[in-house]
Amino acid sequence: MSARTIVRCARLFTGLEEQARSNQTLVIEGGVFRHVVPTAEAPPQQPGDSVMDAGAHFVMPGLADAHTHLVFGNARSEEDIDFWTTPEFRALRGLFFAQRVLAAGYTSVVVPGDAGNCSIAVRDAINAGLFTGPRIAASSNVIANRHSLNDWFPEHVGTPDYVSGRLCTTREAQLAEVRRQAKAGVDCIKVAMDGTHFREDGTHIAAFTQDEISAMVDEAHRLGKKVVTHAYGKEAVLYAARAGVDVINHAFFADDACIEAMLRSGSKVSPTLTFLRNNVEFSADHEPSVGSGYKAAQLRVIEVAKKTLRRMREAGVPFVAGSDSGFAVTPYGEWHAREIEILVDWIGFTPGEALRIATSGTAALLPRGNTLGAIAPGRRADFLFVAGDPLQDVRILQRKDAIAAVHLDGRAVRIEERAYDPYKVTHLSSLKWTEVYTRERVAAK
Ligand SMILES: [Zn+2]
């Protein structure tokens, strides 16, 4: 029998319930929880057992983020994501940032679309034991169509090999890309169901037809891969739900027909509102996000989204928690747990429900996800010691000093704090001015 670790917990949140238990003992063997029992009923200690006492810390499963783009590099623009660095550099940087995510208490991460094989390489390097890092559900390029998200450059640029999108404008190309990604070893496939085009009445136009998304999902599922999608508009959400997409990101303009279709298909919703909230709160007046009207538009989207997502919660649509980390307003390791605060404040979940969503609910998206995200016999021993009680105030999970210890497979991980200077690499937008200096503008200054 291998050496066991015994963990004494004054307060334990298992990730499978909405309350905490008191005075529990965890027995870990081979990186897996063997027993989770009241301390009074714990199996006797054996010679060779090591004992950890969580003291006053709140013990809970490692958190899971359904939406972190490991290779976006805290991007300030689409060009920043796609142009200024090589795929090789992005993979190395992605590994560095994956460790920042882990240090924040996130032991599981879903990457919903990335460039090339970067997140696959980061996942494999961690799984092979080369580096410490979170468990990763990897993906490859976002399957895009004309005017969807990730087809953000002009038509004459398209999607060169090194960018995060992959234009697939025919049914044959879409299926071939699904098969290519499956062969490359992705865990999930991202499809950009809508993006930038609207009808005159302001509704979003889906970028793929029902027939196209259904064919991609059927083929991905046949090959054992999950499908996640970006969909704001009701048309995109409806098509995605009818096709059986596993996770619909955003779904802000979904209507009752969408909700019904999601309940029938079991599609989960990942609001991923942290990105929008941070953008509207942090974008300063001098930034293009303000001048272009992007911030104002997102403010309006948030107001609709709050109502839509509350209706989804009441109807019983399953939620997962994602932050869209990887942008300048959502840097890695900083804001992941803000989505938990949003689930409580904006969508109406109790703290216990939101924590359950952000642990076992979201970890279920990873490969062998039913062995992750919870403190229960048979699950991997990924857990946190938290200073404070997140059931009283979920916001404490955003504080670095509250994440007192992170354990993976029953062992405490130590991530060295290391500064990263983006100005030392070609990780820069070429934007130099945000105004056009006509004589009139100069005179007005
Ligand atoms: Zn995203």
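**Notebook: zinc site, cores and rings**

I started at His-67, which is buried, with a relative accessible area of 1%. "Buried" here means under 20% relative accessible area, exposed is over 50%, and partly exposed is in between (1.4 Å probe, protein chains only).

A note on what I'm looking at: this is a predicted model, where local features need pLDDT of at least 70, side-chain atom pairs count only at pLDDT 80 or more, and totals for chains, interfaces and linings use all residues. Residues are numbered from 1 along each chain as its sequence is written, and side-chain values use heavy atoms, with hydrogens and water left out.

**Zinc**

Which residues hold the zinc ion? I found His-67 (NE2), His-69 (NE2) and Asp-324 (OD) as its protein donors, 2.0 to 2.3 Å away. Donors are N, O and S atoms within 2.8 Å of the metal (3.2 Å for Na, K and Ca); water is not among the atoms, so sites may look incomplete. Along the chain, the donor spacing reads H-x1-H-x254-D. His-67 sits in the loop between strand 6 (63-65) and helix 1 (78-82), and Asp-324 in the loop between helix 10 (294-315) and helix 11 (338-345), so the pair ties together parts 257 residues apart in sequence. Helices (H or I, at least four residues) and strands (E, at least two) are DSSP runs, numbered from the N terminus. Asp-324 is buried too, with a relative accessible area of 7%.

**Cores**

Next I looked up the largest nonpolar core: it has 98 residues, and Leu-273, Met-312 and Ile-340 touch the most other members. Such a core is a set of buried Ala, Val, Leu, Ile, Met, Phe, Trp, Tyr and Cys residues joined through side-chain atoms within 4.5 Å. Domain 1 (4-62 + 383-412) and domain 2 (64-336) both give residues to this core, so it lies between them; the domain bounds come from an automatic or database assignment. I also noted a second, separate core of 14 residues, Phe-33 and Phe-385 among them.

**Rings**

How many aromatic pairs does the whole structure have? My search gave 14. Rings of Phe, Tyr and Trp (its six-membered ring) pair if their centres lie within 6.5 Å; planes under 30 degrees apart count as stacked, over 60 as edge-to-face and the rest as tilted. I picked out Phe-33 and Phe-383, a tilted pair at 5.9 Å centre to centre with 50 degrees between the planes. Phe-33 is in strand 3 (residues 32-38) and Phe-383 in strand 15 (residues 383-386), 350 residues apart. Both are buried. Elsewhere, I saw Phe-96, Phe-97, Tyr-332 and Tyr-420 form one aromatic cluster.
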